[in-house]
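Subject: Structure handover

Hello,

Please find the structure below. My notes on its cavities and on one helix pair follow.

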Amino acid sequence: MDNSYLIKTDELVKIFPMGETSIIALNHVNLMFKKAEFAGLVGPSGSGKTTLLNIIGSLDSPTEGSTTVMGQKIEDLSHKQGAELRNQHIGFIFQTFNLLPVYTVFENVEFPLLLLGLSPQERQDKVMKALEWVQLADRVKSKPAQLSGGESQRVAIARAVVKEPKIILADEPTANLDAENSHNILQTMEKINNELETTFIFATHDEKVIQYLRRKITLIDGKVAKDEVYDNPTGRGEEQ
Amino acid sequence: MIIPRLALRNLLGAGLRTWLNVIVLSFSFVLIIWLQGLYKGMGDQARVAQTDAEFGGGQYWQENYDPFDPLALQDAHSSVPESLQTLIENKQAAAILISQATIYPEGRLHTILMKGIDPAQSVVTLPTQFLDQEGEELPALIGTRMARNTGLKVGDTVTVRWRDSQGTFDARDAKIVQIMKTSVPSVDLAQMWVPLDKMQSLTRMKNEASLVILAQGTEEFPQVSGWIHKDMKFLLKDIDYLVKTKSVGGSIIYTILLCLAMLAIFNTQVLSIFRRRKEMGTLMAMGMTRSKIIQLFTLEGAMHSVLAALVAAIYGIPLLAWSAKTGWAMPEAADDYGIAGIGEALIPVYGTGLVVGTVVLVLLVTTIVSFLPTRKIAKLKPTDALRGKMT
Ligand SMILES: Nc1ncnc2c1ncn2[C@@H]1O[C@H](COP(=O)(O)OP(=O)(O)O)[C@@H](O)[C@H]1O
Ligand SMILES: [Mg+2]
């Protein structure tokens with residue numbers, strides 16, 4: 001096996017039984033992702049983007065085939081090992097932000113570090129660093145309800161990045177944001193990708209996101225239809 | 001451990017709902033402790049009062065004596081054995097002679113017990129010194145209940161009639177020398193205390209007694225032929241039984257209250273687990289295991305009782321302390337029907353065991369009630385949780 005790959009899927013099939021019939025959400029998907037990629041799963045709604053992202057993130061298991069993440073076969077992991085993998089190496093960003101409502105901005109970002117068992121001083125340093133990346137260091141005491149959509153998603157990015165994971169999986173991160181905020185968070189993620197060499201995998205059908213991708217994987221009906229690499233994505237140029 | 005911190009944060013974050021549950025639960029705490037304290041106090045008071053006034057440090061009963069069989073009373077007397085006589089002379093025991101009698105206050109017949117006791121005795125707290133009087137009339141001591149029921153007052157004379165040892169009727173005028181206030185009905189209702197030596201000679205039962213009361217603190221209970229030793233456990237068993245029965249009645253009240261509080265917490269748990277699926281999905285995505293999430297949610301529920309204990313302490317301690325100081329005034333009517341030994345006020349007694357036991361019990365029940373709905377989480381798939389779906 002080639003160790004330069006962070007993620008490898010091998011003949012992934014996911015079938016959802018639906019009463020009499022069943023839905024084939026993924027149909028023999030073979031993909032590899034390297035360190036520091038900025039890639040997107042693109043395709044119409046229902047094409048299997050979320051399903052693939054969930055399997056890579058060890059939140060779901062395939063019907064057939066296998067997934068290797070950082071040298072570990074996902075399907076062989078116990079619940080606890082899966083949780084550990086996510087805790088240490090994978091950050092998630094969701095369409096609906098999924099901040100914990102009773103916690104402050106600081107506490108939300110701190111959460112993954114609590115699970116990792118870091119000391120208060122380490123947590124303080126890392127949280128502030130992550131919040132500076134997303135330019136929200138002055139909002140530490142705010143509650144999620146007091147934030148705009150763009151700010152909420154930036155907190156979510158800080159939460160995903162605070163533990164400096166190898167992989168960040170972002171499912172439709174801009175779907176609830178306006179154009180300006182979408183560009184803002186994409187530029188933030190691009191910066192993180194450059195500085196920390198974090199691999200980003202998006203699931204999106206948003207043109208604004210697609211502009212930024214350096215690799216665009218098109219899914220249609222659960223199959224990889226196209227896998228294109230751009231050396232010079234257009235997104236950055238447009239906004240600057 | 002981060003789970004308790006997170007649980008507390010979530011709980012406080014939930015605001016009003018949390019405090020409503022906490023307040024209801026704190027009522028249960030205070031009420032349970034107060035009611036239990038009341039029963040404990042009632043038992044203690046009754047035990048002390050009856051021990052002081054009647055039981056002393058145990059009794060020897062003449063073998064035929066049975067307080068529940070008035071017919072046997074006729075034969076329930078015999079000479080006080082030497083070993084007991086020594087104790088009596090040393091003021092470590094008091095002999096009581098009991099005989100059925102009738103009195104005719106205001107021309108109406110009352111069947112009573114005439115009880116002879118040494119006026120100089122100090123074994124029980126009855127004010128027998130008033131019986132130490134010379135004269136033709138028989139000095140008699142009665143209680144307030146007896147006085148009320150018969151209309152007798154201090155200085156009144158009343159005719160007493162009894163059968164002597166041969167079964168022959170005899171009668172005398174008795175003069176009420178004192179009406180004693182006692183909280184113990186069993187030394188009061190339908191009885192008349194007279195000097196022992198006078199009664200012995202009137203009934204021709206020289207040196208005889210029906211029972212002998214030992215002084216409190218007596219430790220040796222030798223075998224005495226023809227007499228049966230009755231220990232404190234035996235003598236107090238009626239009170240213990242009564243207190244137990246009454247506290248069962250009381251526990252129904254707080255069981256209902258506790259059930260209400262538990263229902264509120266169960267409902268909150270079910271609702272919160274239903275509503276917070278997405279949060280659970282997020283926690284799973286961040287690397288929290290299901291068992292940790294179950295712990296978190298269970299602890300959140302269980303912490304209601306911790307907060308309730310704190311809140312209960314804030315208003316409960318002064319309240320309970322105040323009630324322990326002032327007691328609970330007993331209505332007049334409770335005098336006749338209430339439990340023996342409760343004077344004007346019932347003073348609750350709160351032991352450490354009671355308080356700790358109550359807290360542990362409530363904590364345990366709350367934890368179980370909080371845990372039950374969380375079992376659903378064990379089957380929750382992270383993907384379903386994130387989509388806000390519950391299977
Ligand atoms: N939990 C599920 N149960 C049944 N069908 C599902 C489930 N999740 C996804 N699907 C189906 O699988 C297909 C792919 O879904 P998804 O991966 O969410 O697509 P996308 O994210 O590209 O919109 C869709 O047809 C969807 O209805
Ligand atoms: Mg999707």
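In these notes Ala, Val, Leu, Ile, Met, Phe, Trp, Tyr, Cys and Pro count as nonpolar, Asp, Glu, Lys and Arg as charged, and the others, Gly among them, as polar. The model is a predicted one.

Cavities

Two cavities of 30 Å³ or more are present in the structure. Strand S6 (90-93) and helix H5 (149-161) of chain A each supply at least two residues of the lining, and S6(A) gives the most, with three residues.

The second largest cavity has a volume of about 40 Å³. Lining it are Lys126(A), Lys129(A), Ala130(A), Trp133(A), Val161(A), Val162(A) and Glu164(A). Helix H4 (residues 120-133) of chain A contributes the largest share, four residues. Here the classes are four nonpolar, no polar and three charged residues.

Helix pair

Helix H3 (residues 105-116) of chain A and helix H1 (residues 3-13) of chain B have axes that come within 12 Å and cross at roughly 155°. H3(A) is therefore roughly antiparallel to H1(B). The crossing is left-handed. On the H3(A) side the contact is made by Glu107(A), Glu110(A), Phe111(A) and Leu114(A), and on the H1(B) side by Arg5(B), Leu6(B) and Arg9(B). By class, this contact has three nonpolar, no polar and four charged residues.

Regards

Notes:
Residues are numbered from 1 along each chain as its sequence is written. Chains are lettered from A and ligands numbered from 1 in the order in which they are written. This is a predicted model: local features need pLDDT of at least 70, side-chain atom pairs count only at pLDDT 80 or more; totals for chains, interfaces and linings use all residues. Side-chain values use heavy atoms; hydrogens and water are left out. Axes are lines fitted to C-alpha atoms, for helices over the stretch in contact, and angles run from 0 to 180 degrees between N-to-C directions. Angles under 35 degrees count as roughly parallel, over 145 as roughly antiparallel, 65 to 115 as roughly perpendicular and the rest as oblique. A crossing is left-handed if the near helix is turned anticlockwise from the far one by less than a right angle, and right-handed if clockwise. Contact means heavy atoms within 4.5 Å. On a 1 Å grid over the protein atoms alone, a cavity is a set of points where a 1.4 Å probe fits but cannot get out, and a pocket is an open set with protein on both sides within 12 Å along at least five of seven lines; lining residues have an atom within 4 Å of a point. Grid points are joined across faces, edges and corners, and a volume is the space filled by probe spheres set on the points.
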